[in-house]
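Here is a short report for a first look at this structure. Start with the display below, then read on.

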Amino acid sequence: MGWKTGLKTWIAAGTAVLALSGCGYNDFQRLDEQVKAGWSEVLNQYQRRADLIPNIVATVKGEANFEQETLTKVIEARAKATSIQATPELINDPEAFNKFQAAQGELSGALSRLLVTVEQYPNLKANQGFQDLRVQLEGTENRITVARNRYIKTVQEYNVLTRSFPTNLTAMVFSYGVKPSFTVQNEAQISAPPAVSFDKPASK
């Protein structure tokens with residue numbers, strides 16, 4: 001009887017594994033790891049941008065009579081964005097995620113205004129150090145866009161799995177909730193970073 005009991009146990013275990021697999025358990029594991037990896041890359045690129053800002057601010061400060069209000073807004077926006085503890089758990093907390101997204105959005109806006117203001121200062125535009133920093137910033141903005149897009153797509157796939165039948169039953173059993181994603185007022189903004197022209201406006 002002992003070997004029959006053992007066989008039944010193995011059969012039951014095998015059936016349970018197949019049932020979990022068929023209900024999307026393995027897909028949840030795979031996508032959850034992809035979401036975490038995608039989020040880490042987003043944070044890496046935001047941190048890269050934050051690290052560039054002190055050098056940009058220091059360079060701009062060297063320009064006589066530069067608009068202090070514009071500079072102050074960048075400094076304040078960076079401080080606000082970096083004050084939010086961007087832990088892995090943030091992607092499971094919609095309210096905290098939205099606060100983080102709003103802070104990063106404010107920083108993006110402040111930087112865009114700063115770069116536009118630079119147009120009024122020929123010395124800054126001709127400063128090689130500033131130009132090098134600007135190129136690094138533009139490259140970082142592009143990488144942020146790519147990382148955000150990848151994160152959005154992975155979260156979308158994960159959330160569809162969470163809401164669909166029968167995988168939604170697996171989600172309930174193992175407490176896999178819907179994850180927050182980036183949102184913008186104009187969805188077209190997701191596919192391209194803010195465009196800033198450094199060419200002189202055409203004379204009328």
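## Confidence

Over residues 6-21, pLDDT stays under 50. The model has four contacts beyond four places in sequence for this stretch. The model is predicted, so such values are the predictor's own confidence in each residue.

Residues 185-204 also have pLDDT under 50 throughout. For them the model has 23 contacts beyond four places in sequence. For the protein chain, the mean pLDDT is 81. Of its residues, 79% reach 70 or more.

## Nonpolar cores

In soluble globular proteins, nonpolar side chains tend to be buried together. Here, the largest nonpolar core has 22 residues. Ile56, Val60, Phe66, Val74, Leu114, Leu124 and Phe130 touch the most other members. Helix 2 (25-61), helix 3 (68-83), helix 4 (94-118) and helix 6 (128-163) each give two or more residues to this core. The largest share, seven residues, is from helix 4.

Take valine 74. Beyond its neighbours within four places in sequence, Val74 contacts Ile53, Val57, Leu107, Ala110, Leu111 and Leu114. There is also a second, separate core, with 21 residues. Among them are Ile144, Ile152, Ala171 and Tyr176.

## A nonpolar surface patch

Which residues make a nonpolar surface patch of about 370 Å²? They are Phe165, Leu169 and Met172.

Met172 lies in helix 7, which spans residues 167-173. Is methionine 172 buried or exposed? Its relative accessible area is 61%. Exposed means over 50%, so Met172 is exposed.

Conventions:
Residues are numbered from 1 along each chain as its sequence is written. This is a predicted model: local features need pLDDT of at least 70, side-chain atom pairs count only at pLDDT 80 or more; totals for chains, interfaces and linings use all residues. Side-chain values use heavy atoms; hydrogens and water are left out. Patches are made of residues with over 30% relative accessible area and no salt bridge: like charges are joined within 9 Å, nonpolar side chains (Val, Leu, Ile, Met, Phe, Trp, Tyr) within 5 Å. Accessible areas come from the Shrake-Rupley method with a 1.4 Å probe; for residues, only the protein chains shown count as cover. A salt bridge is a side-chain nitrogen of Lys or Arg within 4 Å of a carboxyl oxygen of Asp or Glu. Helices (H or I, at least four residues) and strands (E, at least two) are DSSP runs, numbered from the N terminus. Buried means under 20% relative accessible area, exposed over 50%, partly exposed in between (1.4 Å probe, protein chains only). A nonpolar core is a set of buried Ala, Val, Leu, Ile, Met, Phe, Trp, Tyr and Cys residues joined through side-chain atoms within 4.5 Å. Contact means heavy atoms within 4.5 Å. pLDDT is the predictor's confidence in each residue, from 0 to 100.
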